[in-house]
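These are my notebook entries on the structure shown below. I record what I looked up, in the order in which I looked.

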2 protein chains.
Amino acid sequence: MLTLYDYLDSGNGYKCRLLLAQLGIPYERIELDIDKGETRTADFLAKNPNGRVPTLQLDDGTCLAESNAILCYLADGTPYWPAERLVRAQALQWLFFEQYSHEPYVATPRYILRHLGRTHPRMAEMPERLRRGREALGVMEAHLRMHDFFVGGRYSIADIALYAYTHRADEADLDLAPYPALRAWLARVAAQPGHVKMLPGD
Amino acid sequence: MLTLYDYLDSGNGYKCRLLLAQLGIPYERIELDIDKGETRTADFLAKNPNGRVPTLQLDDGTCLAESNAILCYLADGTPYWPAERLVRAQALQWLFFEQYSHEPYVATPRYILRHLGRTHPRMAEMPERLRRGREALGVMEAHLRMHDFFVGGRYSIADIALYAYTHRADEADLDLAPYPALRAWLARVAAQPGHVKMLPGD
């Protein structure tokens, strides 16, 4: 059985949980508390030398890191990853956009607020991070004004990857009111068959 | 013919140039000076709403952004992107590692030093960026102590993506002396058939 090393409050972990649920793949989930350094132990670094969750362990013990690479692996051969060469490359474009232009400016502000608190010195980073977060949301909004889903006209891992932290943007002090097409897309994603929520209290 | 919107000093652009050369694919290269805002014009934003080079324009006018997505597109069906599901996912793992854990801490310090200069206020970011840059180089070094190439026992787009900024690390104030396995890998990559250098003066 697959083992997912995970942290419940991680949107990157949630991406994997959401796709695993929609694919109906059973797995064991092992919770590691990033705030307590549980991803930096010698045992875990042997699984992922970069010391991050999520990390997926396969039946043969092989470990795969990076949430979006895990999505590609799990979705390979399923309708969640497009088969056509160009559409697949467009899905990858959005996955790289998510990690480079979105995650540091939507997920990291949320992390600072929820895990460090409003009196932490890292609050100094917030204005620039939120400026770039709004820039990323603007790029998404412009695309979603003309498309129901990010690529290929249907729900794919590109939507899963971008949904994870975008649907928690309010927890990052990012107001989604100016992005109506994006909000309609969030609702479409949440209405997909097999959708699961991120946190137990949601 | 393919058109590559590019900037010569960009390692992200160089990734595409290197693979295009090794695949023997002819293309037109259009230079956009990022320091002069040439990637933020209305014309270019219509091609890539995220306003970044490299961007690859296909024969039918479709534009593909994100250097690593462009690598995947170009390498699809060639020996540069592994065919096996797990090895392909491992290549993607390193491509996402490159964009999230390496590029902001190896490429950005180089950008600050070469394009903004040592008196710019953004020099304040250098210590933390270089600390994380050394962390990323350490993860690569540990992997390369046991592997000749990043995945599948042979040269692939994972090597191309990580080579681009790593081989200019000295220009980012990152000393590669403590990473002998990484330096041997740089030499192996530079010795691949069809290898081209990044800048005319190299």
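This is a predicted model: local features need pLDDT of at least 70, side-chain atom pairs count only at pLDDT 80 or more; totals for chains, interfaces and linings use all residues.

**Entry 1: chain A, secondary structure and overall form**

I counted 7 helices and 4 strands in chain A. Reading along the sequence, I noted the order β-α-β-α-β-β-α-α-α-α-α. I then looked up the radius of gyration of chain A, which is 17 Å and close to the 17 Å that the globule rule gives for 202 residues, so chain A is as compact as a globular protein of that length.

The C-alpha trace of chain A spans about 45 × 45 × 30 Å along its principal axes. I find that 44% of the 202 residues of chain A count as buried.

**Entry 2: domains of chain A**

I took the domain assignment of chain A, which gives domain 1 (2–75) and domain 2 (85–190). Their C-alpha centres lie 21 Å apart. The contact between these domains of chain A takes 11 residues from domain 1 and 11 residues from domain 2.

Which elements give two or more residues to the side of domain 1 of chain A that touches domain 2 of chain A? I found α1 (11–23) and α3 (67–75) of chain A. The largest share of this side, 6 residues, comes from α1(A). By residue class, I divided the side of domain 1 of chain A that touches domain 2 of chain A into 6 nonpolar, 3 polar and 2 charged residues.

**Entry 3: nonpolar core**

I looked up the largest nonpolar core and found 96 residues in it. The residues with the most contacts inside this core are Ile157(A) and Ile157(B). I listed the neighbours of Ile157(A), leaving out residues up to four places away in sequence: Leu19(A), Leu71(A), Cys72(A), Ala75(A), Tyr80(A), Trp81(A) and Ala91(A). As general background, I note that nonpolar side chains tend to be buried together in soluble globular proteins.

**Entry 4: relation of the two chains**

**Entry 5: contact between chains A and B**

I counted 25 residues from chain B and 25 residues from chain A in the contact. On the side of chain B that touches chain A, β4 (63–65), α3 (67–75), α4 (85–116) and α5 (126–144) of chain B each supply at least two residues. The largest share of that side, 11 residues, comes from α4(B). I divided the residues of the side of chain B that touches chain A into 14 nonpolar, 8 polar and 3 charged.

**Entry 6: Pro200(A)**

I located Pro200(A) in the segment after α7 (180–190) of chain A. Is Pro200(A) buried or exposed? I found 6 other C-beta atoms within 10 Å, and Pro200(A) is therefore exposed, given that a residue counts as exposed at 12 or fewer. I also looked up Glu125(A), which is 75 residues from Pro200(A) along the chain. The C-alpha atoms of Pro200(A) and Glu125(A) are separated by 30 Å.

How values were computed
Residues are numbered from 1 along each chain as its sequence is written. Chains are lettered from A and ligands numbered from 1 in the order in which they are written. Two residues are in contact if their C-beta atoms, placed from the backbone, lie within 7 Å. Ala, Val, Leu, Ile, Met, Phe, Trp, Tyr, Cys and Pro count as nonpolar, Asp, Glu, Lys and Arg as charged, and the others, Gly among them, as polar. Domain bounds come from an automatic or database domain assignment. A nonpolar core is a set of buried Ala, Val, Leu, Ile, Met, Phe, Trp, Tyr and Cys residues joined through C-beta atoms within 7 Å. A residue is buried if 20 or more other C-beta atoms lie within 10 Å of its own, exposed if 12 or fewer, and partly exposed in between; C-beta atoms are placed from the backbone. The radius of gyration is taken over C-alpha atoms; the globule rule is 2.2 Å times the number of residues to the power 0.38.
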